[in-house]
Amino acid sequence: MSKRQSKVKTSMPTRRAKSQMFELLPKSKRSRIIGVRTYKANCLNNKINAYKSLKPGEDNTDFGHILMAELDGYDGPVIIKVSDINLFLKREKMGLSAIEGFPHHAKIICDFTCNDNKTRWMKSLVSPTQLCIGNEPLHFFVMEYIANGDLEKYIRGLTDPQQLRSIIAQIIYCFVELGQKYKIYHGDIHSGNILIDTTDDAFSKHIVNGEEILVKTFGRVPKIIDFGRCGVFNAEPIDAEIVFELNSALWVCLHYIEDTHIKDKLNSITLRPETEFSSVKSFIEEVLDAFA
Ligand SMILES: Nc1ncnc2c1ncn2[C@@H]1O[C@H](COP(=O)(O)OP(=O)(O)O)[C@@H](O)[C@H]1O
Ligand SMILES: [Mg+2]
């Protein structure tokens with residue numbers, strides 16, 4: 001059983017997605033979700049009820065509504081990201097396809113397009129609401145809920161420098177891996193797009209410059225979300241391109257660090273142009289030195 005399906009309690013539907021993450025399915029009588037196109041990885045019986053808004057949509061070109069929902073047969077709440085069929089969606093799908101297997105993303109349970117009404121998602125929900133009732137094509141990503149809030153919340157409450165070092169190192173390694181292994185850049189790094197998950201694993205494993213690195217987790221791992229502004233590298237990325245993202249990630253962490261000694265040291269790194277760092281390795285070494 002794959003990781004993506006590990007929380008599923010009931011048996012799988014008979015029609016399974018094959019190797020591709022997003023498989024276009026024919027309309028099914030059994031499925032409540034119908035519409036212009038139905039994609040399915042594993043949406044169980046498609047019985048989903050949204051019951052709370054985390055972020056209501058706004059009427060601009062970047063429409064997106066984040067919902068808490070319950071999915072029949074799934075243990076615990078799920079998050080649904082509703083969006084227009086637009087360029088950001090195209091990028092997000094491309095990004096999610098590219099990072100398949102990346103363990104530091106909120107796991108996608110399924111995603112599909114169906115007809116719904118955007119106006120229904122412009123305001124906060126007050127009662128459980130069914131999806132896919134309307135006549136406009138909208139896209140829905142259903143994913144696991146990461147319950148511990150975002151990076152800002154976590155770093156602001158941290159007093160132990162070793163835990164701070166752990167989360168910063170893990171975040172930096174994640175963005176190195178996105179570049180080196182998955183050949184993409186995220187393009188929208190901020191606290192709201194780095195969520196903090198709990199883990200029972202004592203160590204988190206990363207591959208950086210071909211070497212395996214284990215980081216003590218202290219029970220927390222970052223989950224990178226929202227690939228709506230990502231891009232793929234057409235060729236093998238050069239180190240300066242990756243360091244550009246690492247700089248952004250470090251810059252985000254910096255805002256919330258209270259230890260002035262560590263903050264000053266890290267600040268001196270982010271203030272320098274990424275081209276000044278001869279390699280990803282030298283950037284990482286300087287970051288880790290701040291905790292020496
Ligand atoms: N899987 C998730 N678990 C918990 N909260 C989430 C999840 N996905 C999104 N959120 C919350 O919703 C916010 C917006 O989601 P995001 O995918 O970044 O959409 P947008 O494109 O609108 O920025 C996040 O900053 C986070 O607070
Ligand atoms: Mg976001």
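View 1. Nine nonpolar, four polar and four charged residues make up the shell around ligand 1. Here Ala, Val, Leu, Ile, Met, Phe, Trp, Tyr, Cys and Pro count as nonpolar, Asp, Glu, Lys and Arg as charged, and the others, Gly among them, as polar. Please keep in mind that this is a predicted model, in which local features need pLDDT of at least 70 and side-chain atom pairs count only at pLDDT 80 or more, while totals for chains, interfaces and linings use all residues. Residues are numbered from 1 along each chain as its sequence is written, and chains are lettered from A and ligands numbered from 1 in the order in which they are written. Gly-64, Ala-106, Ile-146, Gly-192 and Asp-226 come nearest of the 17 residues around ligand 1 (C-beta atom, placed from the backbone, within 6 Å of the molecule). The elements giving two or more residues to this shell are β3 (48–55), β4 (64–71) and β5 (78–83); strands are DSSP runs of E, at least two residues, and helices are runs of H or I, at least four, numbered from the N terminus. Domain 1 (36–144) and domain 2 (151–289) each supply at least three residues of the shell, with bounds from an automatic or database domain assignment.

**View 2. An open sheet of six strands.** The strand order is β6-β8-β5-β4-β3-β7, with antiparallel pairing; two strands pair if DSSP finds at least two bridges between them. Eight bridges join β6 to β8 (residues 136–144) in the antiparallel sense, and Asp-111 can be found opposite Phe-141 in β8.

**View 3. Two loop residues with positive phi.** Most residues other than glycine have a negative phi. Lys-183, in the loop between α3 (161–180) and β9 (184–185), has a phi near 60°. Asn-209, in the loop between β11 (203–208) and β12 (211–216), has a phi near 50°. Lys-183 counts as partly exposed because it has 16 C-beta neighbours inside 10 Å, and Asn-209 as exposed because it has 12. The cut-offs are 20 or more other C-beta atoms within 10 Å for buried, 12 or fewer for exposed, and partly exposed in between, with C-beta atoms placed from the backbone.

**View 4. The two faces of helix α6.** Val-280, Phe-283, Ile-284 and Val-287 are buried in α6 (residues 280–289). They lie on the same side of α6 because they cover an arc of only 95° around the axis, taken from the directions from the helix axis to the C-beta atoms. Exposed Glu-285 and Asp-289 are on the face turned away from the buried side. The buried residues pack against α3, α4 (239–256) and α5 (260–270), where contact requires C-beta atoms, placed from the backbone, within 7 Å.

Technical notes:
Contact = placed C-beta atoms within 7 Å.
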